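Trainee: I would like to learn how to read aromatic pairs in a structure. Could we work through one case?

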Amino acid sequence: MEYTGSKYIGEYVDGRMEGKAKYILPTETVYVGEMKDGMFHGEGTLYYPNGSQYDAVWENGLAIKVWLNSPIWTHLEKSPRAGMIVETASITRSRG
C-alpha cells in the first residue's frame, strides 16, 4: 500500500495496519516492527538514511522505552523527541 508517498509492507486487521510490518516513509526513513490500529505499537526500530537508528517500545504511536545505539534509558519514560518523531513519521489513513 502506498499512501502520501509512504509504503507499507505488512499485515492488516479490519483494514488497518496491524501486526509485524515494514513502513517506508517518503524521507526513506524505514520503520520495522509491530503496528496496532495503524500506529507504531510494540517493539520497533526507525532506520534513518544516514545510518542511525532509533530502537523503541511503542505504545499507541509514542515511544515509551528508547535505546539509541545502546540502552541508555532502562525505565519507562515519555520522550518529547519520540513524540515529535511519531508525529512526523506515523501516517495513517482516516477511517472515513
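**Reading the aromatic rings**

Mentor: Start with Phe-40, which is buried, with a relative accessible area of 0%. Keep in mind that this is a predicted model.

Trainee: How many aromatic pairs does a search of the whole structure find?

Mentor: The search finds six aromatic pairs. In one of them, the ring centres of Tyr-31 and Phe-40 lie 3.8 Å apart with planes at 5 degrees, so this pair is stacked.

Trainee: What describes a pair of aromatic rings?

Mentor: A pair is described by the distance between the centres and the angle between the planes. Take Tyr-31 and Trp-58: their centres are 6.1 Å apart and their planes stand at 85 degrees, so the pair is edge-to-face. This pair links distant parts of the chain, with Tyr-31 in strand β4 (residues 30-36) and Trp-58 in strand β6 (residues 53-59), 27 residues apart.

Trainee: Are Tyr-31 and Trp-58 buried or exposed?

Mentor: Both Tyr-31 and Trp-58 are buried. For Tyr-31 the relative accessible area is 0%.

Trainee: Which residues do ring pairs link into a cluster?

Mentor: The cluster consists of Tyr-31, Phe-40, Tyr-54 and Trp-58.

Trainee: Where do nonpolar side chains tend to be in soluble globular proteins?

Mentor: In such proteins they tend to be buried together. Here, the largest nonpolar core has 14 residues, and Tyr-31, Met-35, Tyr-54 and Trp-58 have the most contacts inside it. Elements giving two or more residues to this core are β3 (16-24), β4, β5 (39-47), β6 and β7 (62-67).

Trainee: What does Tyr-31 touch beyond four places away in sequence?

Mentor: Its contacts include Ala-21, Tyr-23, Phe-40, His-41, Leu-46 and Trp-58.

How values were computed: Residues numbered from 1 in each chain as written. Predicted model: local features only at pLDDT ≥ 70, side-chain atom pairs only at ≥ 80, totals over all residues. Heavy atoms only, no water. Phe/Tyr/Trp six-rings, centres within 6.5 Å; stacked < 30°, edge-to-face > 60°. Buried < 20%, exposed > 50% of the residue type's maximum accessible area, 1.4 Å probe, protein only. Helix = DSSP H or I, 4+ residues; strand = E, 2+ residues; numbered from the N terminus. Core = buried A, V, L, I, M, F, W, Y, C linked by side-chain atoms within 4.5 Å. Contact = heavy atoms within 4.5 Å.
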